[in-house]
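Please read the following report alongside the sequence and the coordinates.

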Amino acid sequence: MEKKDIIQSFKDSLFTGLIALALFGPIVGLRTASKGEGLFITPQWGVVFLLVGLCILGRFLINLNSARKTEITFFSKFTSKFSAITEDKAKHFAITAILFAVVFPFLPFTDRYFMDVAIMILTYIMLGWGLNIVVGLAGLLDLGYVAFYAVGAYSYALIATTFGWSFWICLPLAGVFAAFFGILLGFPVLRLRGDYLAIVTLGFGEIIRIILINWYEVTNGPDGITGIPRPSFFGLPFKRSPDEGETSFHLFFNLEYSTMHRIIFLYYLILVLALITNYFTLKIRKLPVGRAWEALREDEIACKSLGVNPTNTKLTAFAIGAMFGGFAGSFFATRQAFISPESFTFIESAIIVAIVVLGGMGSQTGVVLASIFLIGITEMFRDLEQYRMIAFGGAMVLIMVFKPKGILANRKPTILMHGDKK
Amino acid sequence: MEYFIQQLVNGITLGSIYGLIAIGYTMVYGIIGMINFAHGDIFMIGAFVALISFIIFGLTGVALPIILLLVLLIAMLFTACYGWTVEKLAYKPLRGSFRLAPLISALGMSIVLQNYVQVAQGARVKPMQPLISGGLEFFKNSEFIVTVSYLQIFIVILTIILMGIFTYLITKTDLGRAQRACEQDRTMTALLGINVDRTISITFIIGSSLASVAGMMFVLYYGVIDFYIGFLAGIKAFTAAVLGGIGSLPGAMLGGLLIGLIETFWAGYVSLEYKDVAAFSVLIVVLIFFPTGFLGKPDIEKV
C-alpha cells in the first residue's frame, strides 16, 4: 500500500470520526434524566469518546483491509460451505436433530430452565416454519404474523375458559379461526405489491392488538385472560391432588409427583406440533399449489400468463401460514395459562420475520438454526436486554448487506425439468 | 359547530406534523423505490435532539425566538447526519438487490435506532415544560370557546415556510432538477453526468431534516416524548404519503393534512381508544381502492 493511500484512508477515518461525533454527541453524550419537576442533563462524554474512537479505528482498519477484502469473502465462503454441508447431508442432519430433540428432556444436564428455553425455541421454530410458508415459499412479506398468533391464543383462551372444552378440541378450532382471519385480511390486500403488503399486514397486526386492548367485554383489555386450563395427558391432568373422580397423570402411571411431568409433556407437544408444520410444508411444496407459490415468488407476471390465479394462490399460502400461527398461539396460551395483548407486539412479528430471513428464506433448516441462534443468544444475555435488541437489529442489517439470501440460501428449485443434473 | 372548528384547527396542526414526515417517505420512495421504514425513528431522533437542545438553551436564558431558531437548525443538522449515515450503512449496499432486501434492512435499522435511543436516553417518557403558551380565543359568547394557541399558529406557519423553501428547492434549483431526473431514470441521469449517489444522499438529508422539524413540533405540541413515538408517527406519515400518492410531494402534504384531520375527528366524534385504528384502516382502504393515491401516477408493472 502506498503512502498516499494511507494518508487518504487516515483522512477518511477522521471524517468518519466527525460524523460519529455528530451522531453520538447529543444522543449518547447528553443524557436527559428527570429530577423532580423538570428534565436535567447528565453529560457522558467518556462514552462518546470511546464510541467515536472505535468508529475511527474501525474505519481505518476497514480501509487498510479493503484492498484485499479478506473478511467478506471469508464470511461468505464460510457460510456457503456451511450451507453446502447442510444441504448434502440434509437428511442426516434432520434425523440427528430430531433424535436429539426427542432425548433432550432425559439428558443428565437438562433442568427446568433448559426445558423452558427449549420450549420457547421450539415455539419460535414452529412460528418460523409457519411464516416460512408465507414469506419463504410464496414470497409475501408478512409483518403482522403475530396477529394470527394472537388470534390463535385468544380463541383458545376464550373457548377454553367459557365452554371448558379440552385442549384437543380447542387447538383445531383456534387454527381454523386464525386461518379465517388470514383469509379475511388476505382477500382484499393480496393484490398489493410486496412492500405495500408488508405495511398493510403490519397495520393489521396493530389493529388486532389495539382491539385486544380496548374490547374489555371480551378480551378483558390490558389485564389479559387468566386461568386458562392447562393441557391434560389425554384426559389425565397434571395435578398433585386430582379432583373427585379424576385420576391424575402421576397416579395413573404410578410415578412420584413432579412439576417436570407437565413441562416435559408441553415440550413434546410443541415438538410434535412443530414437526407436523415442517412435514406439511415439505409435502405441500411438491404439490401443485406449493409449486405455484414458488413460481409466484419468482415471477408473478409469468404466472398470470400461464393461468395461475395469483390472488387465490397467495390466499391459500396466507391462510395456511395463519393456521399454523394459530396453532402456535393456542400452545402459547395453554403453556402460559395467562395471555395479555403485551405478548403480541410488533417486535414479535419482527423477531419471527428475522428468524425466517436470517435462516434463508424458504430454508427449513435455516429457521431452526436462526431460532436457536437468536433465542439462545437472547437467553444468554438476558441481563443486557436492550443491547441485545440493538445487536438483533444490527444482525438483520448486516445479513441483508452481506448475505441478502440468508445464512442458508436455499433457493434450489423443488423440481427440475430434466431431473437433477449435478 | 364550535367544537367542529376546534377539531379542524387541531387536525390541521397535527396534519402539518404528519405532512412533514410524509415528505421524507415520498421522496425516498420516488427516488429509489423503497419504503424507508426507519424514517419514523429518524423523526424520533429529531424530537430527542430538539428536546436536549431546548433544555440546554433553556438554561442560558436567551430570548424565545432565538432559541426556537437555534433549536430548529441544530435539530436539522444532527438529524440529517443520522439520515445520511443510515442510508450509507443500510441502504446503499443493497441497491440492485431483491426487492424486499432494503425493506428488511430498514426494519433492522429501525429496531437498532429505537433501542439505541432507549439505551442512551432511558426508557422513561421525557416531559418538557411548555415553551409557547397562550392563544387566541374565538366565539367567546358561545358555550364552547374555540382556542387557537400561539403554538398551533407557529407550527402551521413554520410548515408553510418550509414547504415554500422546499418547493423552490425541488422545482427551481439544479439540485431539484437532478433529483427529479433520478426519479425518472437513474441510469440515464448518471450518463448525463449527475452524481446519482450524491443526489440520493441529499434526498435522505432533506427528508431527515424535515422529519426533525416535525420532531421539534411534536416535542413542543405534546410536551412529552419517548423512544417509541417514531413507530406510530412513522406508520401514520407513511399512510399520509400513500394517501396523497406516493412519489408526489404536494400529495404528501395533502395526505398529511387528511390523516391529521381524520385522526382528530375520529378521536373527537367516534372513539378516542380506537384513533390509531382509524389511521390503519384508512391505510388499508386507500391501498385497496386507490393504490395510486390522490395525486400519484399509476404504477404499471412491466416485464
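How many helices and strands does the secondary structure of chain A come to? The secondary structure of chain A comes to 17 helices and four strands, where helices (H or I, at least four residues) and strands (E, at least two) are DSSP runs numbered from the N terminus.

## Basis of the model

This is a predicted model, in which local features need pLDDT of at least 70 and side-chain atom pairs count only at pLDDT 80 or more, while totals for chains, interfaces and linings use all residues. Residues are numbered from 1 along each chain as its sequence is written, and chains are lettered from A and ligands numbered from 1 in the order in which they are written.

## The two chains

Of the 422 residues of chain A, 40% count as buried; a residue is buried if 20 or more other C-beta atoms lie within 10 Å of its own, exposed if 12 or fewer, and partly exposed in between, with C-beta atoms placed from the backbone. Among contacts in chain A between residues at least 6 apart in sequence, 76% join residues at least 24 apart, two residues being in contact if their C-beta atoms, placed from the backbone, lie within 7 Å.

Chain B has eleven helices and four strands. Its radius of gyration, taken over C-alpha atoms, is 19 Å, close to the 19 Å that the globule rule (2.2 Å times the number of residues to the power 0.38) gives for 303 residues, so chain B is as compact as a globular protein of that length. The C-alpha trace of chain B spans about 65 × 45 × 40 Å along its principal axes. Of the 303 residues of chain B, 52% count as buried, and 75% of the contacts in chain B between residues at least 6 apart in sequence join residues at least 24 apart.

## Contact between the chains

The contact takes 44 residues from chain A and 55 residues from chain B. On the side of chain A that touches chain B, the elements giving two or more residues include helix H1 (3–29), strand S1 (30–35), strand S2 (38–43) and helix H15 (346–359) of chain A. By class, that side of chain A has 32 nonpolar, nine polar and three charged residues, where Ala, Val, Leu, Ile, Met, Phe, Trp, Tyr, Cys and Pro count as nonpolar, Asp, Glu, Lys and Arg as charged, and the others, Gly among them, as polar.

## Helix H15 of chain A

H15(A) has 14 residues and reaches 20 Å from its first C-alpha to its last, close to the 20 Å expected at 1.5 Å a residue, the expected span being 1.5 Å times one less than the number of residues. Eleven of the 14 residues of H15(A) are buried, so this helix is largely enclosed by the rest of the structure; among them are A:Ser349, A:Ile352 and A:Leu358. Just after H15(A), A:Gly360 takes a positive phi of about 105°.

## Helices H2 and H3 of chain B

Helix H2 (residues 39–60) and helix H3 (residues 64–91) of chain B pack at an angle of about 140°, with their axes 9 Å apart. Here axes are lines fitted to C-alpha atoms, for helices over the stretch in contact, and angles run from 0 to 180 degrees between N-to-C directions. H2(B) passes H3(B) in a right-handed crossing; a crossing is left-handed if the near helix is turned anticlockwise from the far one by less than a right angle, and right-handed if clockwise. The residues of this contact divide into 13 nonpolar, four polar and no charged.

B:Thr79, in helix H3 of chain B, is buried, with 31 other C-beta atoms within 10 Å. The C-alpha atoms of B:Thr79 and B:Gly46 are separated by 5.4 Å, although these residues are 33 residues apart along the chain. Leaving aside neighbours within four places in sequence, B:Thr79 is in contact with residues including B:Gly46, B:Val49 and B:Ser208.

B:Ala214 lies in helix H8 (residues 196–222) of chain B and is buried, with 32 other C-beta atoms within 10 Å. With neighbours within four places in sequence again left aside, B:Ala214 is in contact with B:Ile17, B:Leu20, B:Ile21, B:Phe43 and B:Gly46.

Most residues other than glycine have a negative phi. A:Ala337 has a positive phi of about 60° although it is not a glycine. A:Ala337 is found in the loop between helix H14 (310–336) and strand S4 (338–339) of chain A and is partly exposed, with 13 other C-beta atoms within 10 Å.

A:Val218, in helix H9 (residues 216–219) of chain A, counts as exposed, with 12 C-beta neighbours inside 10 Å.
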